[in-house]
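Q: Hi! Could you walk me through this structure in plain words?

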Amino acid sequence: MNEALLRSLTPSVLGILVRRGADFAAAEDAVQDALVEAVRVWPDEQPRDPKGWLVTVAWRRFLDATRAEAARRRREDRVDEEPVPGPAPATDDTLQLYFLCAHPSLTPSSAVALTLRAVGGLTTRQIARAYLVPEATMAQRISRAKRTVSGVRFDQPGDVATVLRVLYLVFNEGYSGDVDLAAEAIRLTRQLAAAIDHPEVAGLLALMLLHHARRASRTAPDGSLVPLAEQDRGRWDTAMIAEGVEILQAALVRDRLGEFQAQAAVAALHADARTAEETDWVQIVEWYDELAGLTDSPVVRLNRAVAVGEADGPRAGLAELDALSDSLPRHTAVAAYLHERDGDLETAARLYAEAAHKAPTLAERAHLTRQAARLNTGRPG
């Protein structure tokens, strides 16, 4: 069974059903039923036209469900004409579906969960694992999101800012999680950049490219995390970095600075340094100042504290950190790093161990545990 084929066909099949009159929630349920049927039937005999087969089966499931609820939903007029089976048009509706999933009535977390489920083809269990919540909790979140957008048509999409936020979060899920969605997020952001002349769309695309260019160096052969300062910069994709920088520069000259452009500027400064020691931390602090002004985000201020610690010394960074809530994600890990740089190895080891217990992923937990063990055994960094 070619699961990759099924996943790649899901957005187009879903888009076809919606264009034929199915509301989003019912269409998504029908497509999932068709995928289950394909898993059951295709191992014995895969159809010559897989996409057409899925459209036909999904449409029939939608019609069956609509007939069963006709009295309540009053949709008798939608069940009389069943499309003739045949080859389906080769149309990519994925980005359009992102606009629907990113409807302003949804919270960003619900929009991402719905997008991962309906468009990305992930199971509820996979999404729950990525968010570190029980499967039942995620199932309820997705169900609420589906009910919210039920009846919404493609002439009522989410705005560009919401779509950018969802694409960014989906990219981060692919970049740091078990399921690789980063390349797909880049592909869709390229489509959006080609369709919309907006500096923040360009800024997001540049940010994605600059981060993705470093991906090969982020993990060691055993799967462990490699911090930015220790990465083999010879493995960075220089062509992708050059493209990201060019896109960013073209956006910045328009003098309409936004959050994604500022983040991309920080990423570009990291990419421009031939070694970790040559990183221009002073400029990075300045960009974090711009970013903090745009977002007033405590996470941005946490990252700024790290940059200040590099630019002005660890004690300056710790002073910035003291002004932030210790409940922030990775606050303890940052404190451990700055204390180590300040020479307080005992405190750093204790904080690394504490941060490991709070880590959101197994990879981070293992990395922080190794850092604590390294200091406790007196090994050099």
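Q: What should I know about the model and its numbering?
A: This is a predicted model, where local features need pLDDT of at least 70 and side-chain atom pairs count only at pLDDT 80 or more, while totals for chains, interfaces and linings use all residues. Residues are numbered from 1 along each chain as its sequence is written, and side-chain values use heavy atoms, with hydrogens and water left out.

Q: Which residue lies over the face of W59?
A: That is R20, at 6.0 Å from the ring centre.

Q: And how many aromatic pairs are there?
A: The structure holds three. One of them is W42 with W53, an edge-to-face pair at 5.4 Å centre to centre with 70° between the planes. Rings of Phe, Tyr and Trp (its six-membered ring) pair if their centres lie within 6.5 Å; planes under 30 degrees apart count as stacked, over 60 as edge-to-face and the rest as tilted.

Q: What does that pair tie together?
A: W42 lies in the loop between α2 (24–41) and α3 (50–68), and W53 lies in helix α3, so the pair ties together parts that are eleven residues apart in sequence. Helices (H or I, at least four residues) and strands (E, at least two) are DSSP runs, numbered from the N terminus.

Q: Is W42 buried or exposed?
A: W42 is buried, because its relative accessible area is 3% and buried means under 20%, exposed over 50%, partly exposed in between (1.4 Å probe, protein chains only).

Q: New topic: where is L257?
A: L257 lies in the loop between α12 (238–252) and α13 (259–272). With 32% relative accessibility, L257 counts as partly exposed.

Q: What does L257 touch?
A: Leaving out residues up to four places away in sequence, L257 touches L252, A262, W287, E290 and L294. Contact means heavy atoms within 4.5 Å.

Q: What about H331, buried or exposed?
A: H331 is buried, with a relative accessible area of 9%, and is found in helix α17 (residues 331–341).

Q: And which residues does H331 touch?
A: Not counting residues up to four places away in sequence, H331 touches L302, L321, L324, S325 and D326.

How values were computed:
Lys NZ or Arg CZ within 6 Å of the ring centre and 35° of its normal.
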